[in-house]
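Dear colleague,

I am handing over the structure below, together with some notes on what was found in it. Please read the notes with the structure open beside them.

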Amino acid sequence: MSSTELPETRTAAPPATRPRAVRVADGERLRSVALPGLTLTVRSRPGDRPGLPPALYVHGLGGSSQNWSDLMPRLADVVDGEAVDLPGFGDSPPPDDGNYSVTGHARAVIRLLDASGRGPVHLFGNSMGGAVATRVAAVRPDLVRTLTLISPALPELRAQRSAWPTALLALPGVAPLFARLSRDWTPEQRVRGVLALCYGDPGRVSEEGFRHAVEEMERRLELPYFWDAMARSSRGIVDAYTLGGQHGLWRQAERVLAPTLLIYGGRDRLVGFRMARRAAAAFRGSRLLTLPEAGHVAMMEYPETVAAAVRELITDAARHAAEGGS
C-alpha cells in the first residue's frame with residue numbers, strides 16, 4: 001500500500017457467522033478469498049469470451065456484491081466481472097482488526113487485487129464504494145484502467161436532510177438504540193424503507209426483486225455483527241469527510257489518472273445532485289452522466305443506460321491506449 005495511506009487501527013472484531021447462504025443469480029459464481037487479517041467473498045460474472053479485461057465492482061454502505069447483479073451481465077461482452085463483498089457486508093465476515101474506515105475498505109480492495117493479479121481493472125464504486133474506489137485509484141493508479149463512480153460518497157458541507165439518519169449511525173450508541181427501537185419492524189417494512197431512500201422510483205422494483213431483497217434482509221438481520229458493521233462504516237465515512245491534506249477525498253480525486261465516468265441521480269436522497277458539477281471538476285478529464293429520475297443506485301434502477309455509458313468509456317479508453325502505444 002502506498003505511503004499515502006493512513007495508519008491501520010486495530011480493534012477487536014466480533015466473531016463471524018454464516019446463518020444461511022446468499023443468493024447467487026444465474027451465471028454468477030461465489031468464491032471465498034482468504035487474505036491476511038480478512039476473508040472476502042467475491043461474486044464473479046465471467047466475460048462472454050476469454051481474454052476480456054477484468055472489472056471489479058465495489059458496493060456502498062449496507063449493500064453487497066448483489067447490488068451489481070443487474071449491471072454485470074450487461075457488460076459481460078466487454079469485461080470479465082467480479083464484485084466484492086466488503087468486510088462485514090454481504091457474505092464477508094468482519095475484518096480481524098475491526099477497521100471499517102474508508103482506508104480500511106480500500107486496503108481490502110487493494111489486497112484482493114494484488115493477491116489475484118487481476119489488475120489493472122475497470123473499477124466501479126457506488127456510494128461508500130465510490131469513496132473507496134477513489135482512494136484506491138489515487139494511491140494505486142497501477143491497479144485501475146478506468147474508474148466509474150455512481151453517486152460517490154465524497155464530502156459535502158451541507159448534506160441533505162434525508163441523509164442525516166445514515167450519518168447519525170456513526171454516533172456511539174445510536175446503532176444499538178435504533179436496533180432496539182426497530183426490533184418489531186418486519187423485513188418487508190425495512191426493505192420498503194431502504195427502497196424509498198435509495199430509489200428515485202421504488203415502483204421500478206419487480207415483485208421478484210422485492211422478494212429477493214426481503215430474503216437478503218432476513219439473512220443480514222441474523223448476523224451478530226450487522227449493526228456494528230453499519231455503525232463503524234458510517235463512522236468511517238464521517239471520519240473521511242473530515243480529513244484534509246493529501247488524505248482528503250477531494251484532494252485524492254484530483255490525483256486520479258484513470259479515465260473516469262461520474263453518474264449522478266436527480267432524485268438521490270443520500271448524495272446531493274449538486275455535487276455532480278464539483279466532482280466533474282475534480283476528476284481530471286472526466287465525463288458526467290446525469291439521470292434526472294434516478295436515485296442513489298442508478299446501476300440497479302437504470303442498468304441499461306449505465307451499461308451503455310460504461311461501454312463507451314471502456315471503448316474510448318482502449319482506443320486511446322492503443323493510439324498512445326503506437
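How many cavities of 30 Å³ or more does the structure hold? The structure holds 1, where a cavity is a set of points, on a 1 Å grid over the protein atoms alone, at which a 1.4 Å probe fits but cannot get out.

Before going further, please note that this is a predicted model, in which local features need pLDDT of at least 70 and side-chain atom pairs count only at pLDDT 80 or more, while totals for chains, interfaces and linings use all residues. Residues are numbered from 1 along each chain as its sequence is written, and side-chain values use heavy atoms, with hydrogens and water left out.

The cavity

About 60 Å³ of space lies in the largest cavity, a volume being the space filled by probe spheres set on the grid points, which are joined across faces, edges and corners. Its lining, meaning residues with an atom within 4 Å of a point, consists of G88, F89, G90, R220, L223, F226, A229 and M230. Helix 7 (residues 226–242) gives the largest share of that lining, with 3 residues. By class, the lining of the largest cavity has 5 nonpolar, 2 polar and 1 charged residues; here Ala, Val, Leu, Ile, Met, Phe, Trp, Tyr, Cys and Pro count as nonpolar, Asp, Glu, Lys and Arg as charged, and the others, Gly among them, as polar.

The protein as a whole

The protein has 11 helices and 8 strands, which are DSSP runs numbered from the N terminus, with helices (H or I) of at least four residues and strands (E) of at least two. Of its 326 residues, 54% count as buried, and the term buried stands for under 20% relative accessible area, with exposed for over 50% and partly exposed for what lies in between (1.4 Å probe, protein chains only). The protein exposes about 14,200 Å², of which carbon and sulfur atoms supply 53%; accessible areas come from the Shrake-Rupley method with a 1.4 Å probe, and for residues only the protein chains shown count as cover. Among contacts with a separation of 6 or more, 77% are between residues 24 or more positions apart, contact meaning heavy atoms within 4.5 Å.

Charged side chains and their partners

R43 is found in strand 2 (residues 38–45) and counts as buried at 1% relative accessibility. Which side chain makes a polar contact with the side chain of R43? The partner is the side chain of S65, at 2.8 Å; a polar contact is a pair of N or O atoms within 3.5 Å, of which, within protein, one must be able to donate a hydrogen and the other to accept it, and residues adjacent in sequence count only if both atoms are side-chain atoms.

E216, in helix 6 (residues 207–221), counts as buried at 10% relative accessibility. The side chain of E216 makes a polar contact with the side chain of Q66 at 3.2 Å, and E216 touches V22 and Q66 when residues up to four places away in sequence are not counted.

R49 lies in the loop between strand 2 and strand 3 (54–58), and at 48% relative accessibility R49 counts as partly exposed. R49 and D77 are 28 residues apart in sequence, and 7.4 Å separates them in space, C-alpha to C-alpha; the side chain of R49 reaches the backbone oxygen of D77 at 3.0 Å.

Loops and backbone

A cis peptide bond, with omega about 0 degrees, joins G119 and P120, and P120 has its place in the loop between helix 1 (102–116) and strand 5 (121–126). S127, in the loop between strand 5 and helix 2 (128–139), has a positive phi near 55 degrees although the residue is other than glycine, and S127 is buried, with a relative accessible area of 12%. S151 has a positive phi near 50 degrees and is likewise a residue other than glycine; S151 is found in the loop between strand 6 (144–150) and helix 3 (164–168) and counts as buried at 1% relative accessibility.

Lastly, Y302 is found in the loop between helix 10 (298–301) and helix 11 (303–325) and is buried, with a relative accessible area of 19%. Not counting residues up to four places away in sequence, Y302 touches R204, L291, E293 and A294. The C-alpha atoms of Y302 and D70, which are 232 residues apart along the chain, are separated by 9.1 Å.

With best wishes

Notes
On a 1 Å grid over the protein atoms alone, a cavity is a set of points where a 1.4 Å probe fits but cannot get out, and a pocket is an open set with protein on both sides within 12 Å along at least five of seven lines; lining residues have an atom within 4 Å of a point.
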